[in-house]
Amino acid sequence: MKKLLFIPALLFLLMTGESMSAEKYETATFAGGCFWCMEPPFEKLEGVKDVIAGYTGGKVENPTYEDVSAGFTGHYEAVQITFDPAVITYKELLEVFWRNIDPVDRGGQFADKGTQYRTAVFYHSPEQRDAAEISKRALANSGKFKQPIATNILPAVKFYKAEEYHQDYYKKNANHYNRYKVGSGRAGFIEKTWGNEKSQVPKKDWRGFKKPSDAELKNKLSPMQYKVTQHEGTERAFTGETWDNKRDGIYVDVVSGEPLFSSLDKYDSGTGWPSFTKPLMRENIVTRVDTKLFQSRTEVRSKYGDSHLGHVFEDGPAPTGMRYCMNSAAMRFIPKEDLEKEGYGEFLKLFE
């Protein structure tokens with residue numbers, strides 16, 4: 001038994017790699033009408049590990065296709081996606097989802113009518129719920145559709161995998177699938193509505209942001225802002241502009257403008273720096289190990305601005321137990337009443 005203690009590290013990683021790697025994946029569940037048509041847009045995306053067709057949201061245990069298609073079980077035809085959030089974000093999956101459905105159809109999707117063909121986002125966490133609400137509001141404000149968005153945003157419930165012949169139907173029965181997608185009206189609708197945007201993941205940068213030169217940043221930012229964001233500086237406790245700010249609104253990167261934190265997640269940590277239990281948009285946050293000051297800490301930076309923001313600690317309050325301890329100088333506060341005019345109208349939903 002003692003020999004087991006001396007297993008080389010590499011061998012140990014090989015032996016346990018599958019379970020360790022599984023921890024990095026997250027789950028997304030979307031209902032978009034016929035699940036045959038909802039698998040292909042996601043399966044080809046980098047960062048997506050698996051897409052399963054199935055049923056969810058109903059009241060019958062272990063439903064069959066015949067049960068669900070009859071319309072009396074309450075289930076939606078849906079797809080469940082396993083993805084790596086380090087490669088593709090939940091927000092990006094939502095954008096692909098919207099581009100492959102008719103979000104204003106309350107009775108089903110295209111030629112398929114009935115409760116089993118309604119659209120819905122089934123969220124698996126509060127963060128997914130918030131992202132879905134924001135994404136839905138952004139779609140409503142985009143001008144793409146004149147009618148209200150009918151897609152429901154619902155908590156995830158038990159998901160049942162559909163029969164094997166439904167999995168990857170577009171590969172197994174390509175001719176029939178293609179005829180169905182065109183004949184149902186889905187293909188034409190997507191082409192007319194989205195054109196070249198129809199299945200693309202949006203650009204990963206924050207609204208086309210390009211980081212200015214160091215000289216431009218030094219001219220644009222205050223000395224403290226420049227020191228904090230560009231040279232990992234730290235403002236003195238209880239001196240920052242927003243450490244005790246209690247107004248409703250969001251905090252954005254002072255360099256790039258990318259949304260970082262919400263006042264809804266801000267709390268008084270007693271440290272003298274603005275502190276939050278979680279990010280507003282997790283995909284805009286990058287963490288890395290910081291070994292300065294002869295200790296190991298987790299540095300927090302913005303993804304697109306690459307600004308030093310502060311550090312995150314595991315001594316925060318429930319429900320996350322995290323304390324994102326930020327520098328006021330790294331962020332700009334936008335009050336709730338200014339969100340629309342500043343171009344952040346999609347976040348107003350959070351404060352209703």
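## Strands and pairing

Two strands pair if DSSP finds at least two bridges between them. Helices (H or I, at least four residues) and strands (E, at least two) are DSSP runs, numbered from the N terminus. In strand 7, P155 is the bridge partner of Y123. Strand 6 (residues 119–123) and strand 7 run parallel, joined by four bridges.

This is a predicted model, in which local features need pLDDT of at least 70 and side-chain atom pairs count only at pLDDT 80 or more, while totals for chains, interfaces and linings use all residues. Residues are numbered from 1 along each chain as its sequence is written, and side-chain values use heavy atoms, with hydrogens and water left out.

## Confidence

The predictor's confidence in each residue is its pLDDT, from 0 to 100. The chain has a mean pLDDT of 89, and 91% of its residues reach 70 or more. Over residues 1–21 the pLDDT is below 50. Beyond near neighbours in sequence, that stretch has three contacts in the model. A contact means heavy atoms within 4.5 Å.

Strands of a sheet pair through backbone hydrogen bonds, either parallel or antiparallel. Here, six strands form an open sheet in the order 7-6-1-3-2-8, with mixed pairing. Strand 7 (152–155) and strand 8 (159–161) stand at the edges. Each has a single partner strand, so one side of each is left without a neighbour in the sheet. On average, neighbouring strands of this sheet are turned by 35 degrees against each other, direction ignored.

Two helices lie across strands of this group. Helix 6 (residues 126–140) lies across strand 1, strand 6 and strand 7, at about 150 degrees to strand 6. Axes are lines fitted to C-alpha atoms, for helices over the stretch in contact, and angles run from 0 to 180 degrees between N-to-C directions.

## Buried elements

Buried means under 20% relative accessible area, exposed over 50%, and partly exposed in between (1.4 Å probe, protein chains only). How many of the nine residues of helix 5 are buried? Eight are, so helix 5 is largely enclosed by the rest of the structure. Among them are Y90, E92, L93 and W98.

Strand 17 (residues 331–335) has four of its five residues buried, so this strand too is largely enclosed by the rest of the structure. Strand 9 (residues 249–253) pairs with strand 17 in the antiparallel sense, over five bridges. D253 stands opposite M331 in strand 17.

## Aromatic rings

Rings of Phe, Tyr and Trp (its six-membered ring) pair if their centres lie within 6.5 Å. Planes under 30 degrees apart count as stacked, over 60 as edge-to-face and the rest as tilted. The count comes to 19 aromatic pairs. One of them is F145 with F189, a stacked pair at 6.5 Å centre to centre, with 15 degrees between the planes. F145 lies in the loop between helix 6 and strand 7, and F189 in helix 9 (residues 186–194), so the pair ties together parts that are 44 residues apart in sequence. F145 counts as buried, at 13% relative accessibility.

Next, a cluster. F30, F42, F83, Y90, F97 and W98 form one aromatic cluster.

## Cysteines

A disulfide is a pair of cysteine sulfur atoms within 2.5 Å. The structure holds zero disulfides. C37 is in none, and the nearest cysteine sulfur, that of C34, is 4.5 Å away. C37 is buried, with a relative accessible area of 1%. C325 is buried as well, at 10%.

## Backbone exceptions

Most residues other than glycine have a negative phi, and most peptide bonds are trans. The peptide bond from A318 to P319 is cis, with omega near 10 degrees. P319 lies in the loop between strand 15 (308–313) and strand 16 (323–326).

F110 has a positive phi, near 60 degrees. F110 sits in the loop between strand 4 (108–109) and strand 5 (112–113) and is buried, at 13% relative accessibility. D168 has a phi near 55 degrees, also a positive value. D168 is found in the loop between strand 8 and helix 7 (169–172). D168 is partly exposed, with a relative accessible area of 22%.
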